[in-house]
Amino acid sequence: MPPADAALVSVDVVRDVAQWIERMHSAPCLRPYAGTFVVLAANGAMSSSRIWHACDGQQQMERVESLSGTPRTIFRRNDEVRTFLPQARIVRADRREDAGLFPRVPVVSGTSIAQFYTARLLGQERVAGFVTDVVWFKPVDSLRFGYRLWSERETGLIVKLQTLGADGRVLEQAAFSELDLNASVRVEQLSRMMDATVGYKIVAPVVVKTSAHAEGWTLRQPVAGFVPVSCHRRSVSDAEDAPSVLQCLYSDGLASVSLFVEPFDAKRHPSKPQVSGMGATQLLAQHVQPDVWVTAVGEVPLQTLRLFVGQLERAR
């Protein structure tokens, strides 16, 4: 259903899915911004964060300070991530290609997003004081959720996002409550803050880039629309003898699924499959072989996770 005030404003923008996605990808680097955004899950859970974002053509920097729960500040410099935990005086360092920060429209090459979503402009609304185009990305199958996005008219920046279930129910939503698109945020400033780790213990698990094939795994049949994005072997702690987990990330250009593959450990893993969900995020964990445990996590319907796990097999 269109937004309540959509019919009051004339609509003069016609773009297809690919054009909307391209506009949303480039928007975060058009100008620095700062704001406060709120995430609300269908179960009523709510969290808020303060965000600062800037680009200089080479680097994209972001600082996100949690305003809910345990105090923490996350810095991202391209794919380099540091999480500052001031109470524990710990900095967790990692590299992530699955941006978990808002607004999140990942850049994924090789996808055929127009085959799996249709775009419909619903109208215009004001969010955080800015006029936005409201766009509905409707999935063409049941393997992915739908999205309703509010794209700031001048820059294309996503200022509000809803993830929709098959019945149109809002599973999760995030939105800026206030936003400054002329913020005095500089890459150098954020970079210095990210590197200011004096007085903190840096915890950096070993991360090795690899591929599912190199690790001896493959999907018997690809899951429609999803392409491999990255694969890493990660140690589960900073101990020298810490075991490692293989994480392979797949995406259709909007939704993503991570497969975590590790040896079965009867002390840590239950004997029966585990299923859980919170908001749009679903989790499925089970044996794929008697000695192998896989955990699939993604903002997709549970049946999509079952397909991924069911298609996973040893390549050799």
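Guide: The count comes to 16 salt bridges, a salt bridge being a side-chain nitrogen of Lys or Arg within 4 Å of a carboxyl oxygen of Asp or Glu. The structure is a predicted model, in which local features need pLDDT of at least 70 and side-chain atom pairs count only at pLDDT 80 or more, while totals for chains, interfaces and linings use all residues. Residues are numbered from 1 along each chain as its sequence is written, and side-chain values use heavy atoms, with hydrogens and water left out.

Some of these pairs share partners: a network of salt bridges links R77, E80, R82 and D195. E80 belongs to strand β5, residues 80-85; helices (H or I, at least four residues) and strands (E, at least two) are DSSP runs, numbered from the N terminus. With a relative accessible area of 17%, E80 is buried, the classes being buried under 20% relative accessible area, exposed over 50% and partly exposed in between (1.4 Å probe, protein chains only). R77 is buried as well, and R82, at 17% relative accessibility, also counts as buried. Leaving aside residues up to four places away in sequence, E80 touches F75, D94, R95 and M194, where contact means heavy atoms within 4.5 Å.

The side chains of E215 and R233 meet at 2.9 Å, N to O. E215 lies in the loop between β13 and β14 (217-219) and R233 in strand β15, so this pair ties together parts that are 18 residues apart in sequence. E215 is partly exposed at 23% relative accessibility, and R233 is partly exposed at 26%.

R233 also stands opposite L246 in β16. Strand β15 (residues 227-235) pairs with β16 in the antiparallel sense over eight bridges; two strands pair if DSSP finds at least two bridges between them. Strand β16 (residues 244-251) is in turn joined by six bridges to the antiparallel strand β17 (residues 256-263). Among the partners across this second pairing, L249 is bridged to S258 and Y250 to V257. β16 and β17 form a hairpin with four residues between them, and G253 in the turn has a positive phi of about 105°. Seven of the eight residues of β16 are buried, so this strand is largely enclosed by the rest of the structure.

These strands belong to an open sheet of seven, in the order β13-β15-β16-β17-β20-β19-β18, with antiparallel pairing. β13 (207-209) and β18 (274-278) stand at the edges with a single partner strand each, so one side of each is left without a neighbour in the sheet. Neighbouring strands of this sheet are turned by 20° against each other on average, direction ignored. Axes here are lines fitted to C-alpha atoms, for helices over the stretch in contact, and angles run from 0 to 180 degrees between N-to-C directions. Helix α4 (residues 302-311) lies across β16, β17, β18, β19 (281-289) and β20 (292-298), and runs at about 25° to β19.
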